Amino acid sequence: MEVTMALFITKRLLMALATVLVVAVLAFLLVHAMPGSPGAVSLGAGASQEAIDEVNQRLGWNDPLFTQFFSWLGSAVQGDLGISLIDGRSVSADLASRLPVTASLAAGATVLSAVLGIALGVTAAVRGGLLDQVIGGFVGLLVALPAFWVGVIFVYLFAVQSSVFPATGYVPFEVSPQDWALSLALPVITLAVGGAAFIARQTRASMLEALQQEHIRTLRATATPTWKILYVHALRYASLPIVAGIALQFIGLFGGSVIAEQLFAMPGLGQAVQTSVSTHDAPAVQGVVVIATVVVVAVNLVLELATKFLDPKLRAS
Amino acid sequence: MKLLTTTARGSAAVLTGALLVGSLAACGGGSSQAAAKADTSSLTLAIDSDSASFGFDPLRVSAAQRQFFEGLYDSLMTLQPDGSAGPGLAKEFTYNADNTVLTLTLKDGVTFADGSKLDADLVKANLDRRSDPALSAYSAVAKGGAQEITSVDVVSPTQVALTFAKPQPGFEKNLASTTGMIVGKNGVTDTSTLAATPDGSGPYTLDPSTVKGNKYVLVKNDKSPDASKYAFKKVVFSVVLDPQARANALVSGQADVAMLTSNTVDFAKSKGVGVSQIGGTVNTMISFDKTGKTAPAFGQEKVRQAIQYAINRQALVDALHKGDIPAWNALPKDSAGFTKDLETKFAYSPEKAKSLLAEAGYPNGFEFTIIAGAQTQTDLQAVQKDLAAVGITMNVKMAASTDEAFAAVATTPLGYAPLNWDNPVGVMYGAILNGFTNVQKATDDQLSAATGELAAAKDDAAVKAAASKLNTRLVESGWMIPLYEALTNQGYNTKKVAQVKFAGTNAYPLLSSYTPAS
């Protein structure tokens, strides 16, 4: 059993690495397909061709693609994603400072949407009737609301009108945990609204199916405490699609944080993508793509492991 | 039944818990404008772009970033509250008889962040970087530039002489912007260090709590003798790209001052903040091709004039730029050259446009392409509709890259950009007559003469006469097709900051002009 699990993890890890490698190659090729060269980007519109050529030469832009890619890969595996063409700073250091912002946003929004979504979904499934319809309608409304619009409304209500939360900015946890939580509150709620609705729908459907199962009916007949029936047995049975939904939410929110980062002026990866693409900063674009891929692949890996753990049939296979 | 009740209770508890967390967090604070006190401990400015996206070399940016870099670097001359140039690192200056040599006498006792001292060698080392094409601030003074400096010579340890390729009366005004900012010895020797670390002698230094691209924290520089002229101990430049978010930051207290767009001014005022306004930036279509190389029709003045008549500027402003001013003048309304007559002379008249097109040999109009950016697309679509009404088909193509946008000056006949006219001679020489908007190298004797006259003008009357000629000719020739003048708006928390004042017509207030509310 342990050997099977170790093999499974090893296989999945190798596939994850292969995925990252393929994306890295694609990102590298796409960056090279972009018009212009690093020299032209770093020196600007007025630069002479000689100056541009000199920079390109220094950066190895004229080397064969194969050589360039493996040189980049060699540095990347050691944590060095190159130097920004625009300001000459380390791409790795910049992304490392931005990752906690986006991760906080995505993780916070995922947790909040999971808590709200599961609560709403379980209630709708268990109560049924009018409450189910009301929750269904409410969830439908939440799904339809664009995150940007939700954010604008929340800022107006809770920052402009009542000063409950800050309207913009991000405070790192190490500076002040309380201000960190406050600065995350509105962006996290903004991002969580749509996610909660998605998870609520998923949870409702799964729970309805779970509650029909024979073993749940048996448990009811044996006077097992209600909370245990619902949250230990039924929810565990229903959890596979819910966990998958939550993982997808995290991936989606990680990529979609650019909306919240712009609206709330937060220095995350979304802001970095926007800046690096608009300034044509190839190493920075490449770095963000690779980091985002690593995150997505890692979440998928965890999801697979969680699925295996939750489903006895899969665990035994 | 028990099952259902308990579940509902459980769900309600989860929701209540979530709300409680929110309420507790709310008790923790959230600063409000009402709670802010007028103090001098810090000032937060919400700005609309990342001033240091190219790092901390002030010479890599243009005059529009002066306000940010003014905190970290001193200039050879300084912008005065009335908009004139006053002493800075150069305490005195003199021109030779024919205005081809400017000699600067430097201040004593100026220390840079790296510990180096100001002297003539350092100024020369700075200005000798002008051959580096990446230094935007030096583009006009580099070889072949409109205000070319041919040599920089050390006269004595405290005196340096700038020799120009041709007479440059009034050049000192350029030294009050980023062009005149001086970088310390380490920064000049190894410019790569400026990517992350500024090396200036300014009133503030960069605090480590800075988050690149998001929040730049400047704290008082104890070594600067001029630091006392700046009221606030700490200045934070907070980059907030979204205009509504900037207004929100101001009214909710995260910012003390914010750059507002015209369409957020009413909202900000309704929340009790102060707003100072100034004109000066004219959003203008620029004829890149006056010789007809890329679109033969543009080679004719009548065609360019037809476009002037074809555009309904008032409708454009009403629909897209509420609060701004429709513009028929190339120069802003507060400039010496503003000419009211142009508003009637080139008033909206599709009929006149059609008749001019017919006279030019294009009775059925013609077709051309313009390259748009995300910011300009909607304006161009409005113009496109007006031009279509007189028979001109303007295809609006979104720029696929910055390279394509830059290349448009050579590949398309018309462009669109905001132009700030704080230094009209600099704009004319640097961008219009010789610069990037004239890659086809078109000439116009009247424009050249008026620019020369303006550069040489010694008093207000002469400035007005020359600037009026320049403005009128820019419009009549169709080199400039102005659309509207954007107001620059500085919103400020009246409980913390005194009324914001602009330095002459400069759109960016001096950092030293922000003072606490009394």
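In this predicted model, B:Asp226 and B:Lys107 join their side chains in a salt bridge, with N to O at 3.1 Å. A salt bridge here is a side-chain nitrogen of Lys or Arg within 4 Å of a carboxyl oxygen of Asp or Glu. The pair connects distant parts of the chain, 119 residues apart. B:Asp226 sits in the loop between β9 (215-220) and β10 (234-239) of chain B. B:Lys107 sits in the loop between β5 (101-106) and α3 (120-127) of chain B. Helices (H or I, at least four residues) and strands (E, at least two) are DSSP runs, numbered from the N terminus. B:Asp226 is buried, at a relative accessible area of 18%. B:Lys107 is partly exposed, at 22%. Buried means under 20% relative accessible area, exposed over 50%, and partly exposed in between (1.4 Å probe, protein chains only).

A salt bridge also forms between B:Arg130 and B:Asp128, whose closest N and O atoms are 3.0 Å apart. B:Arg130 is buried, with a relative accessible area of 12%. B:Asp128 is partly exposed, with 33%. B:Lys302 and B:Glu359 meet through their side chains in a salt bridge of 3.1 Å, N to O. B:Lys302 belongs to helix α7 (residues 301-310) of chain B and B:Glu359 to helix α10 (residues 350-359) of chain B, so the pair ties together parts 57 residues apart in sequence. B:Lys302 is partly exposed at 35% relative accessibility, whereas B:Glu359 is exposed at 52%. Salt bridges with shared partners join B:Lys107, B:Asp226 and B:Lys229 into one network. Over all chains, the count is 18 salt bridges.

In chain A, a nonpolar surface patch of about 450 Å² is made by A:Trp149, A:Ile153, A:Tyr156, A:Leu157 and A:Phe158. Patches comprise residues with over 30% relative accessible area and no salt bridge; like charges are joined within 9 Å, and nonpolar side chains (Val, Leu, Ile, Met, Phe, Trp, Tyr) within 5 Å. Accessible areas come from the Shrake-Rupley method with a 1.4 Å probe; for residues, only the protein chains shown count as cover. A:Trp149 lies in helix α7 (residues 147-161) of chain A. At 47% relative accessibility, A:Trp149 is partly exposed.

Residues are numbered from 1 along each chain as its sequence is written, and chains are lettered from A and ligands numbered from 1 in the order in which they are written. Local features need pLDDT of at least 70, side-chain atom pairs count only at pLDDT 80 or more, and totals for chains, interfaces and linings use all residues, while side-chain values use heavy atoms, leaving out hydrogens and water.
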